Structure formats: structure tokens, C-alpha cells
Amino acid sequence: MSDPAALITVDDLRTIFRTGEEVARAVDGVSFSLRAGETLALVGESGSGKSVTALSIMRLLPMPPAQIVGRRIVFADRGTEQDLLTLTERQMRRIRGRRIAMVFQEPMSSLNPLLTIGEQIAEGLRLHLGLSRAAAAERACELLARVNIPDPVRRSGEYPHRLSGGMRQRVMIAAALGCNPALLIADEPTTALDVTIQGQILELLRSLQQELCMAMLFVTHDLGVVSEVADRVAVMYAGRIVETGSRAEILSAPRHPYTKALLGSVPRRRSARRDPAARLPAIPGQVPSAAQLPPGCTFAPRCGLAIPACTAARPALQPIAGAHAVRCIRWRET
Amino acid sequence: MTALVDIAGLDVTFPLRRSLFARPRLLRAVAGVDLAIGRGEVVGLVGESGSGKTTLARAVMRLVEPTAGQIRFDGIDITHRDRAAMRALRRRMQMIFQDPYSSLNPRLRVRDIIGEAYAIHGIGTPRDRRERAEAMLARVGLPADALDRFPHEFSGGQRQRIGIARALATGAEFVVADEPVSALDVSVQAQVLNLLQDLQQSLGLAMLFIAHDLGVVQHISDRIVVLYLGRVMEVAPSDVLYTQPRHPYTAALLGATPARLRGEIPSPLSPPSGCVFRTRCPYAIAPCASVVPRLIEVTPGHAKACIRDDVLRG
């Protein structure tokens, strides 16, 4: 299912964590591809493996305990194809931060409290692009202006603690975009922010992405955010992609029981009169531990449609129509 | 009908001192809030971070000291009650916290976490406390064998159930729930919300429910209060607020205005003059900088603090 036009192709990614006797299969056979200018939202609850997938691509996991056992991550950038999993750390360092950049959830813990924000942005520019101190400082101010930080020259001399959460996240985005990366990985970038600020940051990311024709892998647990940013969506559960498709297919016509249940369990703002007796359709139980994945379909123990066949074999990702595919043997019944 | 909780003109100000000799600057976290909560009523509190939601809630519980105004609980003025007198009342007013990881003592077994509440308030004999704790656990959907386990043995959702059991163990009539589901995963969030709703209804609890997630707040609340820089911007029954917001801030929070809200919440150390929201308001006019808008009822039960009566008319 390889897409020749893809910028990045993640092929059967398997990431495990070994702790003592235990083997936790955090990412258990994840495949997807992403083209330039496209946004794929990787959606899931905690423990679904979405962040580990992102960190595996960046090769930022501590090894050991982490180990990437399968299969390859092809990065087709500027006419050359490289398997990120076979690169040396030295080669990887030339890609990380330069061609593939990342923005994290908590901007305060990813910024150095002892450096001014101008210095931290300039640091990456000098390292990756070899800019002089003065040129890097000037470019840092341009980047701050680009992410709509008012009065960038003055702000660039300030320390992170002086900034609000939204402003810090803008700084992180400016730093990430410094080298015009081909791929931006955003791991829950708006989760720690207020709704009003969240909207501003999503709008900023979207406009920058279009302008720079950047591919974006957007990791989130928030289905509301998905509807605002994603072109395509991959829903993860217990280390596997259980459903993938266009934003409209996933949000309006989901077929996997988990996707359906997840969408149903979000309390929505409604215009209809509130029924005080109304209950949210909750999913019983909880996400299984990656060290003890149930046999067959990992969602089966919580699924209302499960039949004995569901636990007998691991279901394959079955195509429904176009790019819409679902990992469920009973999707026709949902 | 008298309200169970009646807050009038509540102010909470924190003095901030830059150095030992500097004059403290005053941070007014809650500014002149009036709010009544009836028995069995769920009032939702929404607003961005820094809007004073948590401070207001903590002041109602007397966990921070109010600087001005009055708090009455079941007709009793509790604004200046001393700790001992408050302790007796705490049996009837309890709190559920956001983070089920840090709000449960990791060294205590669940039995003692819940049993502590009985011991403090002198409820039952030690023997019958175990039965009470078991019954309480069953109410929140946990098995009896959970009693002998430690908090770390539970998932986030289960821990929040323990927190709820602890809060309700002493027969509270009023509960402050400060972001009780925001640390939980979506699929677990629905379970805990349903539980809270069941308990609220079967026990007839009054609740002050704080959440930043507007969908969650609407789902559980009868009435909603919108807070901005410590001031009430709008109050309305839940359905009305979501369908006909009358304050520009509420409309912006709900995404009901075409333009996104620009900028960020100003520092509470130097709030704007007049209407505190005017610096971000798409409808601000010159008088907004000088007139402090009063909370005025637009229809019964629906009030807004905005002088622009000509906008957002529904």
C-alpha cells in the first residue's frame, strides 16, 4: 500500500519496551504514509501508542528500555530515500530538528529556562544552518514575528517564564520552523492551553503549514481538535491503528466500534434541550496494558459487538472505500 | 426558597510582594461575585485559566480567605468562622479534585482514605466504618476488595472514583468538583461523569462544577456561570447559555462569533478599566473603557454584564 508520492512512509512499525521480564508492545504494527502539505491526525487515548509512534519516527526514545523491532520508516526528502531506522545517530541528527521538527505538549518543560527565547531559537539555526550569531538572532526575530508574537525584538530578549502558555507554544513553533522542515510532528501541542488560545494556535499551525507546504503529523486525544486540523485521521487503540480515513469519514461515518464509541462518549454542546436523565454512552473497562494485550482484537474485551472469532485472530485492516479502512471483522454490522 | 450556598459580593485579593520592603501589589482574583446555589442544583463554572474559577471555589470552601463579601451555607454565615467551627460543617460540604494521582495519600490503603473521613467527623464505630466504606465503594462502582489496596494499584478513572467516595462518605450536601474529569481519558471521562450525575441525582447533591471543557459543563449543569478576570460575565440556565449567549465573551468561548478571540487574558494585577473584557471584545466601544457593567437580567434567570444591548440578540 506504498504511496510513491509520500514524504514519509511508516511501514509496520513495532516499538517495544523491555523492563525486567516484561515486554510492553507500545506500538504493534503501525503503518501510514504522509504527503507534503498533508495533515494526518493520530488519535488515541493514553496508552494507545500515538506518542511512542511520533517519538519512534524522531528516534527520540531512550534505548534501552525502548527497542524498535520493525520494520522501516522511509523518509523521501529532496529526492533521496532514507530508512530512518537504519541511520546512524550522527546522520539522524542532521534530519532531526532540520527536516523533521517536533512541537511538544508542555512548552515550559521543552524550553530552557536559562536562555532567552531569542537565544533558544537562534541555537537551532546556528547548529543546523550554520548561521552567524548576528544572522541567527535576526532570523529568530523574523520567526517570532511570523508566529504573531507582538514586539518580537523586545520579546526575543525575554526568558520563558515571562511568557504565557500560548506565547511559549508560539516560541516552540517558531523554533521548530526555523529550518523549514519538510515534516512537523506536533504532539498534543494545544492540550495544555485554553480553548480560546487553542483555536489561535491551530489556526497558526494551519496557515504556516499551507505557506511552507509542510507535512504535519498531529498527535492528539481530542476529537474536537481533529475536526479543525486533519485531512486524514488514524485512530489508534492499544498500539494499533484500528481505523483510518479522511476526516469526514472518521468523524461522520466511523465504522470501528471503538471509533464510534469514542465519538459517542464525548459530551457535545447541543442546541437541543438538556435531558437531565441523559447518560453518556461510556465505554466499559479501560485501555489494556501494553504488557498484557488481549489476544485477537485488542478492543474485543470492551466491545459490545465482540464474538468468539474476534479473540481468535488479530483482525487485518480491511478497506471499506477509498482510503477508509477498518480493523474489525464485524464492521459491516456496526 | 433559600439557597443552600449563598455568596454575596465575594472578593478574594492576594497581596504580592516583590521584595521585603516594596509595597505589596494586589491581585484581585475574585471581584464582587454574587452566586446562589440551590439544594440539588448543579452550577457550572467556566472561564479561561486565570479567570478565578478555582479561587472562587476554594473561597466557598473556606480554603482561601475571602477579603470581602459574605458566604452563607444553609443560612449560616461562614465567612469568618474559625477552623474548628468550619470542621463541623465540612462534613456537609466537600471537594473533588482534578488530579486523582496527587489528591490521594499514596501511603494509605483505600480503607483508611475513606475511613479517615469517618474518624475525623466521629461517624460510627471503627468496626462499622469498614462496612460503611464498603458500601461507599459499591456506590462508586468499585469492588469491596479495593478497600485493602493502595492508590497506585488503580487506574486514573478508578482513583477518581475513590476520590468521589471519600468526598461523599460523610453525607455531603454540597460538593465542589474542580475539573474532576479533565485528567481522564475520553472513554473513562464518560464513565465518571455518568457516576457523578447518578450520585448527584440520587443524593440530591448541590454541586459547583468547574471545567474548561464546555461540552462537559453543559452536560452536567443546570445553570452556568461565566467568569472572566474574577468577575461574572454571564449567568444562564445551561441550555439558554449555549443557544443564546448574550455576552461577547461567552459567545467567543462557544465559538459562536465568526472572529476568533484575539490575544490573551490580561494580568489580574492590572485589569483593564471599565469592562475587563473590552481589550479582547469585538464589540467594544468607547464607553466600555469607563463604565463598569453591572450584571443585569435580560430574561428571568439569564443575566449578563455588558452594556452593548444591541449585539448578540439571538
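## Exposure of A:Leu127

A residue counts as buried if 20 or more other C-beta atoms lie within 10 Å of its own, as exposed if 12 or fewer do, and as partly exposed in between. In this predicted model, A:Leu127 has 15 other C-beta atoms within 10 Å and is therefore partly exposed.

A:Leu127 belongs to helix α4 of chain A. Between A:Leu127 and A:Ser227 there are 36 Å in space, C-alpha to C-alpha, for a separation of 100 residues in sequence.

## Packing of α4(A) and α5(A)

Helix α4 (residues 117–129) and helix α5 (residues 133–146) of chain A meet at an angle of about 120°, and their axes are 8 Å apart. The two helices, α4(A) and α5(A), are therefore oblique to each other, and their crossing is right-handed.

On the α4(A) side, the contact is made by A:Gly118, A:Ile121, A:Ala122, A:Leu125 and A:Arg126. From α5(A), the contributors are A:Arg133, A:Ala136, A:Ala137, A:Arg139, A:Ala140, A:Cys141 and A:Leu143. Classified by residue type, this contact of α4(A) with α5(A) comprises eight nonpolar, one polar and three charged residues.

## Contact between chains A and B

Chain A and chain B contribute 28 residues each to their contact. On the side of chain A that touches chain B, α8 (195–212) and α11 (257–264) of chain A each supply at least two residues. The most comes from α8(A), with six residues.

By class, the side of chain A that touches chain B consists of ten nonpolar, ten polar and eight charged residues.

Definitions and conventions. Residues are numbered from 1 along each chain as its sequence is written. Chains are lettered from A and ligands numbered from 1 in the order in which they are written. This is a predicted model: local features need pLDDT of at least 70, side-chain atom pairs count only at pLDDT 80 or more; totals for chains, interfaces and linings use all residues. Two residues are in contact if their C-beta atoms, placed from the backbone, lie within 7 Å. Helices (H or I, at least four residues) and strands (E, at least two) are DSSP runs, numbered from the N terminus. Ala, Val, Leu, Ile, Met, Phe, Trp, Tyr, Cys and Pro count as nonpolar, Asp, Glu, Lys and Arg as charged, and the others, Gly among them, as polar. Axes are lines fitted to C-alpha atoms, for helices over the stretch in contact, and angles run from 0 to 180 degrees between N-to-C directions. Angles under 35 degrees count as roughly parallel, over 145 as roughly antiparallel, 65 to 115 as roughly perpendicular and the rest as oblique. A crossing is left-handed if the near helix is turned anticlockwise from the far one by less than a right angle, and right-handed if clockwise.
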